[in-house]
Every structure is written in C-alpha cells, then in structure tokens.
Amino acid sequence: MEKINIIGIYDDPDIFTDAVKKIKENDISIKNVFSPIPLHHIWDILNLKTRLPTLTFIYGVIGVVITFAFLYWTSVVNYPLKFGGKPLNSVSFIIIMFVATIFVATILTFMTFFIRQKLWPGKKVVMIDPRTMDDKFAIVIEKDPSLSSQDIDKINKLLKDSGAVEINEKPEPDNYIEEEND
Amino acid sequence: MYNIDIRGVLVKGNKTCAQVSDDILRPLEAKSPPMWWYFAIFITLMMIGLGLWGIYVTIDTGIGTWGVNNNVAWGFGIINFVWWIGIGHAGTAFSIFLLILRQKWRSSINRAAEAMTVVAVICAGMFPMLHMGRIWDAIFVFPYWNTRGPLWVNFNSPLFWDVVAISTYLMASAVFWYVGMIPDFALIRERATSRIKKSVYGFLSFGWVGTAKGWLRFETASLLLGGLAAPLVIAVHSIVSMDFATSIVPGWHTTIFPPYFVIGAIFSGFGMVLTLMIIVRKVFKYEDYVTRSHLDAIARILVFISLIMGTAYTTELFVAWYSGGDYEMFTFMKNRVTGEYTFAFWTMITCNAFIPQLFWFKKIRSSILLVFIISIFINIGMWFERYVIVVTSLSKDFLPAMWASYSATFVEVSIFIGTLGIFALGILLFFRYIPMIAISEIKGILKPTSILKNDDHGKN
C-alpha cells in the first residue's frame, strides 16, 4: 500500500526548531526532518547520536598498528639494512606513523560516513520537497492508517499553530531514505 | 556574540536563504561565462603550453637543461615546490584552524581557499618528480614489493617523509573540499533546469537530501577531519623543513626550521587567499559576502604573522653570530646579508617583514587597492625566502673549491610559468562549475549576523 506523508513546511530555522520540539512533546512520531543547514538543537530534540568519533579513534589505532607493523617488518625482518648508523627499528618511524595514521583515519572515517549515510556517486533520489535544499524546512509525519481522524486533525493543527507556512499531504517517493536512529 | 562586535556583519544586505543561493550560484547558472573568462582561459592555456614545452625538454634532453649543477643541485624545482606547498597551506589554515577557533568569518572564504590548496598541492607535487630527471622512475619513491631484494625505501629519510606527507595532505584536503561541497551540489541538482546539469550535479551530490541525521553525521565527520588535518598541516611543512634541517649544510642545519616553515607557509597561504579573494569579490560581485571586514581580518592576521617572520629572520642572524660557528656566520653575513645574493635576501626581508607592517594603519587596511598590492608583495617575498634558503646555502658551503653560482634557465622558468597557468586554470574552472562560497555554511551564519546591527555596519 502506498504510504502517505503529512509534510509541514517552515521558512525559519528558529520557528522550525520550536515546532519540532512541540510536536515531539505531543508524542507524535516524526518520521524525518529536512533542512538546508545543520540545526544543532534538532539533534538534541530528536535525540540523534552518532558513533563516528569512537570509530575514528579505532581507525586511528588501527592506522598506528598497521604502519608500525609494516615499517618493522620491512626494516627489521624482510630486508635489514643499516642507514647512517641508526638502529634498524628507528625512533624516526614515529614521523611516518603519525602521518600514515592520519591518512588511514581520514579515509576510513569518510568511507564510514558514506556507507552509513548510504551516499554514493550517481545515487538517484527524489526529494520530499526540493525547496528544503534551498530555504525551506520540512517535518515529515507518516499518515498511518491506524491514526484516527482526530489524530490527523491534531497533527495538522499542531503544525499550523507552530508556524508552518504550508501543510501538504504527499505519497512517499519510491526511493525515500529510511533512517534508523542509532 | 564576540565575533559580531569585532568583525561587523558577516553577510551584508539582510539576505534571505533564497537570495544567498541566487547570488552565489549566479555565475554558475549563467548561460555562458563572460568574455573575459574565455580570454583568461586562453592566457592560462598559453602558459600551460609553455610549461609543457619545458617539461618536454626536461624529459627529452635531461636535467642538464636546468641551471642546477653538482653543488647547487636544488634550484627552481625545490624553490617552487616549497612555495606552492606553502600556498597550499591556506585552505587548511582557513578551514581547520579557524573552525577550531570558531571564527565564523571563515565561511565565505574557506571553499575558495580549499580549492586553492588542492590545485597548489598538485602544482607542488610536479616539481620533485621533474627534478628526479628520470620521471618514469618516480614510482621508486613508494614502498612497494619489488624484485630488487625486495629493497625498501629509506624510512629514515626526510625525502621519503615528504612523499608520505604530501600525498596524505593532497588526499585529505581534496576529500575535505569535496565532502564540503556535497550539500551545495545537491542544491544545484534541485535547481537545475537542464537535464545534463541535473544529472551531472546529481551524480556529484551522491544523493544528499539533508535529513537531520545526515547533517549530524556530516558535521561530525567534518569536525573529525578538522581535528585530524590540523596536526597534519603542522606535520607537512615541518617535514618539508626537515628536508633542509636534517642536513649539515650551513644555513639549513638549524632547529628553528620547522616552526619557521609552518608559519611561513601560513603567511604565504593567507597572502595568496587575500590576492584571490580581492579579485573574486570584485569580478563576481560578492562584496556582500566577502566584506571589507573579511579582508580586514586577513590583513590583521598577516600583520601578526609578519612580525613572527621578522623575528624568525632576526633569530637566524642572531644564532649565526651567537653559535660562534664560522660557516654559519659566513653563510648569513657574507652570502645573504651581503654578497652575491643580497638582492634576494633584502627583497625577502622587505616584502615579508617590513611591507606587511603597513597593515597596522587602518587607512591602508581599508584601501582595497593597497591591500591587494601588499598581498602581491607577500607572494613575491615568500618566493624569495625559498630562493634564499635553497640557493645561498648550497652555492657556498664548506669547501671554496666547491663553490658555484646558480641562475635559472629558460626551461626552469617556463615550467614555473606552466604551474602558474595550471593554478589559474584550476581556479577559473572551479569558479565556473563549482559554488565558490560554501552556500550551506553561509546560510547557517545568516541568522545571528545579518539581523543584528545591520544598520551600524551598513557602511562596511
């Protein structure tokens, strides 16, 4: 069955943030919000979190270990060759380890970002409202068949009262992004 | 609030988000670029043609076509390499350091500075490869499994550290630049009317839609890369300086080199940003976004860095005397302050330490023309700094029997002109096809800036 969404459109980031808060307080499940700019308060209101920093740290540790293992293996095990009287396992490895760690952590962090966010070159998307890329802010609430007409009226009223400039009902686009909140 | 009172308004004219998109995308959405654009492209292609000729001669005949000799083995190749890498530090300096310092005025400039970084680092990378003489053997610098033992590269050599650092830096700055553009590409995708444009920018935008979770991950990833790249910037130019400082050549063998090079790099990078932004705001009518207060802020940073540069030059001279080393004393006093390379030395001092001091005067800071001229002087001065460091020390070291002079040949000069052409071409293409101001970031700073105190700063 085709899903129908109620979409509240706002044109001011502050009003929008307050609106999201109000709707959340009224126990209405917000399916998604779209904005042209990052809105930090919305993350708190919707209780969104990301584990990216932890992963980056782990990637950094992996980078250090791999780089050191490679340097040690090439210089001490595979082809031990003295340069300038320095020990085979030299302190100056730190410099390459430092830079290579940044290299590994950067690449893996962005790969994780693209994979988790399901972004890839040439991905086709249909925006729920293209204006949210430019200057509009949108709240998407799914019109669940289990909702009574009073509930729908309540949602519409809440959207209107909180300052929505438009309230639309649209069927969901085929390749709509379902985001798990983890 | 702190940055508002000092900086004035960041975006002038009470813009709305829609106006910001319209203004910044105007050159991109124009049917055809203006005539001067084609003319500029033509000039840059001529320059690149000259550079390609120089590269052809270098590869076909050999490194003997350059002015370098057994003693001054590093000439234009390394001077220009260090110069371009220095310019390449601007993007990261803007994006990362000002991000960490929470300077909101970076938003109108960071995109252009990052683009500059990527092109400048590509230009820089060409020189060491050409300097090898046998460019087809450039692959030898990478540690790969080979049939010569396997014989690995020398991991204790600063020259190899350079390879690692420059490649990492190019990768990190390119990724940072590209990922920052994804939301703007998505905006162009949604606004595009022609099918080609829609599909090209759709491809580039990676299917970005701007959900709250997406923005959270986007911002987190950007901040993480910022945190990773800040030490990288310091490391890259420190490592470049170690190419010199780990040798025993008088004038190079000093511990001041890493900080001195890092500061010098940021100085030349900011100088180039200033040159570029003054042209951009004029040509593309971005005066509302790159305001006089932005230029003023850069000028203030430059006057401070210029003081550090002056201190570094003085310290070098002082240490040459205080260390009691005859060779150091000779290099600095007889071969730089006086002697064959006096002109280069005093050009460096004048352009880097003295002329930027004019920025102390508000009158000078507020004259766009003077700021532009001084920024050009900084670019020239920083080039001469690298000339002084590379050439003077090598030309006269320990044995007088080994003394030699260096002057660049036309082949070397033409390769340098070629890289200037590549840089200009990169920037021109970028201005035509990519939003040169980060639109989503500008929209993010509209609220707390434009609305407050707009009238007070209307004159800015």
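Trainee: Which residue of β4(A) stands opposite A:Ile9?

Mentor: In this predicted model, the residue facing A:Ile9 is A:Glu166 of β4(A). Strand β1 of chain A, residues 4-10, pairs with β4(A) in the antiparallel sense, over six bridges.

Trainee: In what order do the strands of the sheet in chain A lie?

Mentor: The sheet is open and has four strands, with antiparallel pairing, in the order β2-β3-β1-β4. From one strand to the next, the twist averages 25°.

Trainee: Why is one side of β2 and of β4 in chain A left without a neighbour in the sheet?

Mentor: β2 (32-34) and β4 (166-171) stand at the edges and have a single partner strand each, so one side of each has no neighbour there.

Trainee: Which strands of chain A do helices α1 and α5 lie across?

Mentor: Helix α1(A), residues 13-25, lies across β1, β2 and β3, running at about 20° to β3(A). Helix α5(A), residues 149-161, lies across β1, β3 and β4, at about 140° to β4(A).

Trainee: How is a helix read, and which residues of α13 in chain B are buried?

Mentor: An α-helix has 3.6 residues a turn, so residues three or four places apart point the same way. In α13(B), residues 342-354, the buried residues are B:Phe345, B:Met348, B:Ile349, B:Cys351 and B:Asn352. Their cover includes α11, α12 and α15 of chain B.

Trainee: How many residues of chain B are in contact with chain A?

Mentor: There are 50, in contact with 57 residues of chain A. On this side of chain B, α9(B) gives the most, with 16 residues. By class, the side has 31 nonpolar, 13 polar and six charged residues.

Definitions and conventions. Residues numbered from 1 in each chain as written. Chains lettered and ligands numbered in written order. Predicted model: local features only at pLDDT ≥ 70, side-chain atom pairs only at ≥ 80, totals over all residues. Buried ≥ 20, exposed ≤ 12 C-beta atoms within 10 Å, placed from the backbone. Helix = DSSP H or I, 4+ residues; strand = E, 2+ residues; numbered from the N terminus. Contact = placed C-beta atoms within 7 Å. Nonpolar A, V, L, I, M, F, W, Y, C, P; charged D, E, K, R; others polar. Pairing = 2+ DSSP bridges. Axes fitted to C-alpha atoms, helices over the stretch in contact; angles between N-to-C directions.
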